[in-house]
Amino acid sequence: MESWAGHEVPRLPGKGEPLALYDSARQGVHPSEPADAGSMYVCGITPYDATHLGHAATMITFDLVQRMWRDAGRPVRYVQNVTDIDDPLLERAARDGEDWVVLAMRETALFREDMEALRIIPPEHYVGAVESIPDIADKVEVLLKDGAAYRLDDGTGDVYFDISATPRFGYESNLTREQMLEIFPERGGDPDRPGKRDPLDPLLWRGAREGEPSWPGGELGAGRPGWHIECAVIALNLLGDRVDVQGGGNDLLFPHHEASAAHAERLTGQAPFAEHYVHAGMIGLDGEKMSKSRGNLVFVSRLRADKVDPMAIRLALISGHYRSDRTWTDALLTAAQERLDRWRRAAAAPAGPSGAELLAQVRARLADDLDTPGALAAADRWADAALAGATDDPEAPALFAKTVDALLGIRL
Ligand SMILES: Nc1ncnc2c1ncn2[C@@H]1O[C@H](COS(=O)(=O)NC(=O)[C@@H](N)CS)[C@@H](O)[C@H]1O
Ligand SMILES: [Zn+2]
């Protein structure tokens, strides 16, 4: 599936600092020092209700990771998926009485436009679940033969993963079994399904049903893929047995990333699947997580149609720390627009405080688990001084603009 158009990212003098990121598995901040290219798999949209500000905030988070690795001189191998077949998509299409394929294509096209407007560097590979079905079916067969998966004998042809097939199921989310049992049904799990060995066993393959789309699955029989195996297989196919970062919103901490990691590790024998499991906080509205089920969504395309500058949207979303659950408000957007205007005026000033000093501060703040509030504060200090007539460095305004462009993705 094609990705979206990229844009030029200015080269900055010197080299950035190594990025340290919070890893959900180790529950702490650790340096992310890819051996050579940084490899990153980010869980992309299920293509309906796209692109709401929650999707945007998470994609911006991993755009910052990519920018930091590039600034530290590392090439980046970035893969993102589109879950263009799954129950929620079929349910939405049925609710709206439209063809699910048309819905998926339209929403994915809108997502691409929004990503370009927000200046998100495109992934090298943008991969749909549907196009991955042959590979997924192959890997499910491997897990069946390997005894790590089993087929229900209720005639549905459904295949489940046995969570006891990996030694440390639960290491990624650090949840207790009780917590897992509580969350699992809220996020697509079916703990009460009769015939499962363990209520937490995740679905790998759903046998063909009347009225549902299905695809040939070789020895599996016709059906369609489960959710978690989709991401494990796409990542393994394109990035190899282990990745530096597996990313997404924190709603994916469990079961999605736990199960994806377990599937990948059972298939490869390599653990941990990801060096860093990185989870972005939830963007909410009026105190509730912005989510399709709640319908309390603010869309990037709606704001763009209202002539809101995408750079103000981006600034608003990074004004809070990526890991914190935070609320979208009009005040947040107004403050971001004012900051953007102030930065643009400062970048047009004849001089300002040392540009090298500013670059060093922004690099240091972002290297510290993407501390964007700290980085924005450093940029504000520079802009206020430049607007107050500081004359230290006539080259600084140009370097200020390049710094916020290359590292924050904010084009002034
Ligand atoms: N309110 C939110 N705030 C922040 N990130 C969110 C929010 N809602 C969803 N996300 C993130 O945005 C991405 C797309 O979400 S999604 O459309 O629901 N799709 C999925 O979660 C799956 N297709 C991942 S394989 C995921 O990384 C998800 O974690
Ligand atoms: Zn995923």
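**Reading burial, contacts and a metal site**

Modeller: At 9% relative accessibility, Glu107 counts as buried, because the limit for that label is under 20% relative accessible area. Please bear in mind that this is a predicted model.

Biologist: In which helix does Glu107 lie, and which residues does Glu107 touch, not counting residues up to four places away in sequence?

Modeller: Glu107 belongs to helix α3, which covers residues 100–117. A contact requires heavy atoms within 4.5 Å. Leaving out residues up to four places away in sequence, Glu107 touches Ile45, Pro47, Tyr48, Asp49 and Ala50.

Biologist: Is Pro397 buried or exposed?

Modeller: Pro397 is buried, its relative accessible area being 4%. This proline is located in helix α13 (residues 396–408). Beyond the residues up to four places away in sequence, the contacts of Pro397 include Ala346, Pro350 and Trp382.

Biologist: Which protein donors does the zinc ion (ligand 2) have?

Modeller: They are Cys43 (SG), Cys231 (SG) and His256 (NE2), at 2.0 to 2.2 Å from the zinc ion (ligand 2). Cys43, in the loop between β3 (38–42) and α1 (53–71), and Cys231, in helix α6 (residues 227–239), are 188 residues apart and link distant parts of the chain. Both Cys43 and Cys231 are buried.

Biologist: What is the geometry of the site of the zinc ion (ligand 2)?

Modeller: The site is tetrahedral, with angles of 100 to 120 degrees among its 4 donor atoms. Along the chain, the donors follow the spacing C-x187-C-x24-H.

Key:
Residues are numbered from 1 along each chain as its sequence is written. Chains are lettered from A and ligands numbered from 1 in the order in which they are written. This is a predicted model: local features need pLDDT of at least 70, side-chain atom pairs count only at pLDDT 80 or more; totals for chains, interfaces and linings use all residues. Side-chain values use heavy atoms; hydrogens and water are left out. Helices (H or I, at least four residues) and strands (E, at least two) are DSSP runs, numbered from the N terminus. Buried means under 20% relative accessible area, exposed over 50%, partly exposed in between (1.4 Å probe, protein chains only). Donors are N, O and S atoms within 2.8 Å of the metal (3.2 Å for Na, K and Ca); water is not among the atoms, so sites may look incomplete. Four donors count as tetrahedral if all angles lie between 85 and 135 degrees; four count as square planar and six as octahedral if opposite donors are over 155 degrees apart and all others between 65 and 115; anything else is irregular.
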